[in-house]
Amino acid sequence: MHQYAVFGNPITHSKSPLLHNYLFLSLAIPAFYGRYHLFKESELVESFKRLNLAGANVTIPFKEVAFLQCDEVRGIARQIGSVNTLVREGNRIIGYNTDAEGFMQTLEGKIQPKSVLLLGAGGTARAIASILASYQIPLLVLNRSAKRLESFTLKGYESATHEDFTRFLHPRERAFDLIINTTSAGLSDDLLPLDSALLTPLLHAGVLAYDVIYGRETPFLAHARANGARTLDGREMLIEQAALSSFYFNDRVHDLGRIRELMHRALP
Ligand code: NDP
């Protein structure tokens with residue numbers, strides 16, 4: 001029986017085991033998917049090997065370290081610099097990123113964004129920025145601290161810290177039609193990703209507020225809804241990225257549409 005897992009810290013909130021195990025059962029694939037609370041990033045690959053996993057997902061905060069630790073990185077993950085899917089091929093570990101394409105898939109039929117405000121500068125932000133840029137969609141990356149913005153600036157993205165945002169931008173001058181929260185604010189606390197004095201003027205009926213966090217209405221989404229914006233949580237992105245991961249885990253044998261359909265059924 002093949003074993004899979006998701007690595008993260010925190011990890012109890014993850015719905016990945018539910019999705020993947022439902023799929024294994026439905027398609028009669030003899031496999032099991034668990035969750036692994038990883039404390040030391042240096043032990044990611046070592047743990048993968050010790051557990052003799054056939055594949056894994058990687059979540060907060062290990063996606064960048066996964067990129068550095070796997071033997072080969074394929075596809076869009078090379079541009080992004082972050083990996084959320086590990087697949088064993090013989091003795092080698094291959095890294096993919098399914099967040100980017102998974103995210104893009106979720107916009108279909110909802111919005112064709114013209115100007116995006118991306119909150120956060122971690123692994124998920126990198127994936128989303130990369131795919132939006134590949135579609136030439138203008139975006140501004142806004143992060144609490146300057147450190148993580150360096151890699152975005154080097155790649156030519158327009159970026160700002162919260163402080164810069166107040167200093168050189170009048171929020172109303174920027175007509176963002178899509179605001180995406182990729183920070184972990186709201187995951188297990190009641191924080192907004194951006195001070196409400198900065199966020200509120202950006203919210204109105206013409207905006208889609210998208211939070212990649214799933215499983216609860218985050219303060220960001222509640223605030224956006226209260227201010228008239230449309231909202232979308234991370235449920236669909238979770239399913240899309242998991243479906244693509246599963247496609248790689250199972251050597252692209254099963255139809256992606258069927259995988260997606262089953263995963264939708266798994267998540268109430
Ligand atoms: P990272 O740890 O790589 O990045 C976290 C980012 O959040 C950093 O930019 C950090 O800013 C910022 N941040 C953290 N706390 C706050 C705060 N209180 N206020 C403002 N900014 C804050 O995380 P990931 O990119 O891996 O994941 C981010 C979130 O996305 C997680 O909640 C994860 O569960 C979710 N996710 C959901 C997916 C889905 O399928 N629905 C897929 C992937 C991720 P700083 O640099 O200043 O520390």
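The model is predicted, so local features need pLDDT of at least 70 and side-chain atom pairs count only at pLDDT 80 or more, while totals for chains, interfaces and linings use all residues. Residues are numbered from 1 along each chain as its sequence is written, and side-chain values use heavy atoms, with hydrogens and water left out. The ligand sits in the largest pocket, and 28 residues surround the ligand.

**Ligand shell**

- Of the 28 residues around the ligand, the closest are Ala121, Thr124, Asn143, Arg144 and Val212; a residue is in the shell if one of its heavy atoms lies within 4 Å of the ligand.
- Helices H3 (63-69), H6 (123-134) and H11 (235-249) each put at least two residues into that shell. Helices here are DSSP runs of H or I with at least four residues, strands are E runs of at least two, and both are numbered from the N terminus.
- H11 supplies the largest share, with 3 residues.
- Sorted by class, the shell has 12 nonpolar, 11 polar and 5 charged residues. Ala, Val, Leu, Ile, Met, Phe, Trp, Tyr, Cys and Pro count as nonpolar, Asp, Glu, Lys and Arg as charged, and the others, Gly among them, as polar.

- Thr124 brings a polar side-chain atom to 2.7 Å from an oxygen atom of the ligand.
- Ser145 has a side-chain N or O atom 2.9 Å from a ligand oxygen atom.
- With Gly123 it's the backbone: an N or O atom there lies 3.0 Å from an oxygen atom of the ligand.
- On its own the ligand has 940 Å² of accessible area, and the protein covers 91% of that (Shrake-Rupley method, 1.4 Å probe; for residues, only the protein chains shown count as cover).

**The largest pocket**

- Both pockets and cavities come from a 1 Å grid over the protein atoms alone: a cavity is a set of points where a 1.4 Å probe fits but cannot get out, and a pocket is an open set with protein on both sides within 12 Å along at least five of seven lines; lining residues have an atom within 4 Å of a point.
- A molecule "sits in" one of these if more than half of its atoms lie within 2 Å of its grid points, and the ligand does so in the largest pocket.
- That pocket has a volume of about 1000 Å³, where grid points are joined across faces, edges and corners and the volume is the space filled by probe spheres set on the points.
- It is lined by 45 residues, and Ile60, Thr124, Thr182, Thr183 and Ser184 are the closest to its centre.
- Two or more lining residues come from each of helix H1 (16-26), strand S3 (55-58), H3, H6, strand S8 (139-143) and H11.

- A search of the whole structure turns up 1 cavity of 30 Å³ or more; the largest cavity has a volume of about 50 Å³.
- Gln79, Ile80, Arg126, Ser130, Ser151, Phe152, Lys155 and Tyr157 line the largest cavity, with helix H4 (77-80), H6 and helix H7 (150-154) each giving at least two residues.

- Most residues other than glycine have a negative phi, and most peptide bonds are trans.
- Asn9 and Pro10 are joined by a cis peptide bond, omega about 5°; Pro10 lies in the loop between strand S1 (2-8) and H1.
- Asn52, in the loop between helix H2 (44-50) and S3, has a positive phi of about 55°.
- Gln136 has a positive phi of about 55° too, and is found in the loop between H6 and S8.

Conventions:
Polar contact = N/O pair within 3.5 Å; in protein donor to acceptor, adjacent residues only side chain to side chain.
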